[in-house]
Amino acid sequence: SRETTTAFWTKYLDHVQPSMFPFLLDSHVTEKALRVVNMPVTEHMLSKLNKFCKDNELTIANVFQTAWALVLRAYTRSVDVVFGYLSSGRDADGLELDHAVGPFINMLPCRIEVQDSSTLIETVRKISTDFLNSLPHQHISLAEVQHRLRLSGERLFNTTLSLQRSMVESDERSSSIVVEYLGGLDPTEYDLGVSITVGDGTINVDINYWTSFMSDEKATMLASTFNTILANLLASPSKKIRDFDLIGDKQHQYLMALNENGKVPEAITGCIHDEVHQQALTHPSAPAVESWDASLTYLQLDQFSDKLATKLAAIGVGPEHVVALCFDKSAWAVVAMLAVLKAGGAYTSMGPSHPRSHLAQVILATNSLVVLAGSKSYGSLVGDLVDHVIVVEPSLFPLLPEHNAEIIQKSSPDNAA
């Protein structure tokens with residue numbers, strides 16, 4: 001019944017938190033286009049996958065769902081993850097689907113807890129059990145489930161996974177008609193979509209992403225991480241998740257290059273905002289911030305952040321006070337971060353695309369009384385939850401008082417930042 005189905009999903013998603021894959025762009029992109037990166041599955045890996053599923057009475061979908069859950073854990077730092085799973089809707093009993101015409105496809109939530117103490121095989125089996133339990137309850141819309149959970153208008157997830165049979169497979173019984181697959185395009189409203197196609201002795205895994213959400217370089221690293229996790233899962237299914245390497249080869253190479261192949265830098269006892277100020281004194285015209293919305297020299301960065309820091313200090317920001325930041329990637333986000341540190345405070349960053357309930361939890365957990373926002377609309381998301389909202393944009397700075405070091409409480413490296 002409808003009531004039983006609703007009760008099932010309400011219990012399944014009880015106390016769920018949105019699971020949002022992070023925005024991975026280093027520069028602003030004006031054109032939004034759908035791109036695809038392929039995750040190669042070798043014959044050896046396919047052979048191990050088939051053997052693993054046969055030995056453990058599991059499905060290929062169960063394994064890929066687990067692997068993607070571990071990817072989400074690595075990128076979101078959450079042990080309780082959720083993503084969309086595209087169901088055919090034709091698995092339930094009693095619907096006489098052999099005589100039905102039309103699509104029954106439906107997007108359902110797949111929620112997985114990937115605890116450190118769990119083994120990989122335990123996690124896969126839990127997913128399998130949850131899927132079997134959900135079979136009688138596949139014919140309900142995600143919108144209705146979210147409405148019952150009082151989450152209407154909020155996104156539970158921004159990634160999806162689907163598994164389907166190849167559109168064209170060899171069939172020795174028929175040779176009079178030949179179907180040739182020329183290609184296709186599967187646009188999605190979600191930021192990331194994993195599409196798995198199973199054919200005769202092959203598996204193709206494509207990760208679809210929008211160029212306005214992720215760069216090609218980061219997409220390649222994501223595919224590498226997905227591949228590494230899948231390979232390690234098949235190689236060591238009894239290993240606990242805490243002992244599992246979640247970083248792919250491409251990620252390792254990227255991180256090592258960023259850190260000069262592990263070279264340990266000289267330790268500096270000081271605060272980063274003091275280093276920026278010193279740089280402004282010695283190289284005032286050197287570029288400090290290059291962004292899609294502004295380019296700032298070190299002198300400009302120092303002066304803007306000084307004025308904003310004075311404003312923050314005047315409204316009570318000081319050591320051990322947390323200021324919440326709500327920005328897209330922006331030059332003014334950098335100014336805001338530096339200003340909070342100069343005022344002696346600490347900052348926590350919030351994504352403006354996250355649900356209001358999540359933003360409210362961040363503010364409550366950090367006891368933030370001040371929010372710095374990238375726009376009026378972002379500030380209005382949480383304006384009723386704090387004492388002060390300051391929209392940080394170019395028009396703000398002529399209105400701010402001049403820098404006054406006397407009202408700022410000096411912070412040290414031992415203070416929260």
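Biologist: Which residues of helix 1 are buried?

Modeller: Buried means under 20% relative accessible area, exposed over 50%, partly exposed in between (1.4 Å probe, protein chains only). Helices (H or I, at least four residues) and strands (E, at least two) are DSSP runs, numbered from the N terminus. In helix 1 (residues 2-12), the buried residues are Thr5, Thr6, Phe8, Trp9 and Tyr12. Seen down the helix axis, they fall within an arc of 155 degrees, so they line one face of helix 1. That arc is taken from the directions from the helix axis to the C-beta atoms. Glu3 and Lys11 are exposed, on the face turned away from the buried side.

The model is predicted: local features need pLDDT of at least 70 and side-chain atom pairs pLDDT 80 or more, while totals for chains, interfaces and linings use all residues. Residues are numbered from 1 along each chain as its sequence is written, and side-chain values use heavy atoms, without hydrogens and water.

Biologist: What do the buried residues of helix 1 pack against?

Modeller: Contact means heavy atoms within 4.5 Å. The buried residues of helix 1 pack against strand 3 (106-113), helix 4 (120-134) and helix 5 (142-148).

Biologist: What is the strand order in the open sheet of four strands?

Modeller: Two strands pair if DSSP finds at least two bridges between them. The order here is 10-9-11-12, with parallel pairing. Strand 10 (346-350) and strand 12 (388-391) are the edge strands, each pairing on one side only. Strand 9 (residues 322-326) is joined to strand 10 by five bridges, and Val322 has Ala346 as its bridge partner in strand 10.
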